[in-house]
Amino acid sequence: MPDKLWDGHPGRTPCCGTPDWPGNQRATSPPAKSCAWTRSTSCAIARRSRPSDGRSPQGPPVDDYVFVEGPADLDAGDTPVREVALSGLFSAPDRALIVYHLMYGKLQTDPCPMCTLWIDGFNGIAHHIARNADFAVAAAADLPALRQHARNRGWHRLRLLSCGDSTFKYDLGSEDKDGEQDSTVSVFTRDGDGTVRHCYSAHPRMADDIDQRGIDLLAPVWHLLDLTPQGRGDWYASLDY
């Protein structure tokens with residue numbers, strides 16, 4: 001028989017998620033966790049309700065950018081190729097569209113490992129997202145290169161778009177005039193008349209001294225590592241595993 005019951009469970013010992021973990025009392029106390037939850041919830045409410053253009057809470061209208069995509073089945077090859085407009089990515093008028101901007105293409109000659117980590121996760125939950133919103137991954141890379149990377153990673157649940165000659169990434173702030181790439185997540189809505197509106201975008205860099213943290217909430221990897229005594233440290237994802 002175990003010599004101690006912890007929270008009613010035989011053999012469970014104190015860890016960093018329990019009150020007896022050294023130095024953890026403040027971090028896991030109800031007031032601290034409640035405060036963190038309140039801040040997070042307030043930010044989410046503000047994102048959904050802020051009037052981006054001073055008039056419409058859904059944001060300013062944007063161009064109906066045109067992308068190119070291949071067959072839905074990654075294993076079917078890269079042809080035929082078809083054009084699809086931003087407005088055509090919505091499956092219903094009342095659904096939002098989420099687009100992740102992958103750092104790949106132009107000056108970014110290799111896929112970004114950190115973006116790849118995020119998209120690995122999106123692929124795993126794409127069927128859950130699809131119950132509530134439309135989702136796509138867009139990159140500056142040409143379509144065959146993008147699809148080959150997707151095949152290497154097993155992204156069979158995701159809609160993959162090459163931006164082609166469009167200014168989509170530049171206009172949304174995930175590409176500069178020289179072709180340097182950045183990761184970004186953007187949310188769009190579509191009016192009844194077909195007008196597409198830019199509702200929200202977020203980038204990794206939050207400030208000059210806070211890099212790689214602006215879209216942490218999109219990757220459960222960080223939240224799990226933050227539960228451990230060592231935390232996330234300076235670990236960085238790579239493409240070799």
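A residue counts as buried when its relative accessible area is under 20%, as exposed when over 50%, and as partly exposed in between, with a 1.4 Å probe and protein chains only. The model described here is predicted, so local features need pLDDT of at least 70 and side-chain atom pairs count only at pLDDT 80 or more, while totals for chains, interfaces and linings use all residues. Residues are numbered from 1 along each chain as its sequence is written, and side-chain values use heavy atoms, with hydrogens and water left out.

**Strand E5**
- Strand E5 (residues 97–102) is largely enclosed by the rest of the structure, because 5 of its 6 residues are buried.
- E5 pairs with strand E6 (residues 134–139) in the parallel sense over 6 bridges, where pairing requires that DSSP finds at least two bridges between the strands.
- Within this pairing, Leu-102 has Ala-139 of E6 as its bridge partner.

**Ser-166**
- Ser-166 lies in the loop between strand E7 (160–162) and helix H4 (168–171), and with a relative accessible area of 19% Ser-166 is buried.
- Apart from neighbours within four places in sequence, Ser-166 is in contact (heavy atoms within 4.5 Å) with Tyr-65 and Val-66.
- The side chain of Ser-166 also reaches the backbone nitrogen of Phe-168, at 3.4 Å.

**Trp-235**
- Trp-235 is placed in the segment after helix H5 (220–226), and Trp-235 is partly exposed, its relative accessible area being 37%.

Definitions and conventions: Helices (H or I, at least four residues) and strands (E, at least two) are DSSP runs, numbered from the N terminus. A polar contact is a pair of N or O atoms within 3.5 Å; within protein, one must be able to donate a hydrogen and the other to accept it, and residues adjacent in sequence count only if both atoms are side-chain atoms.
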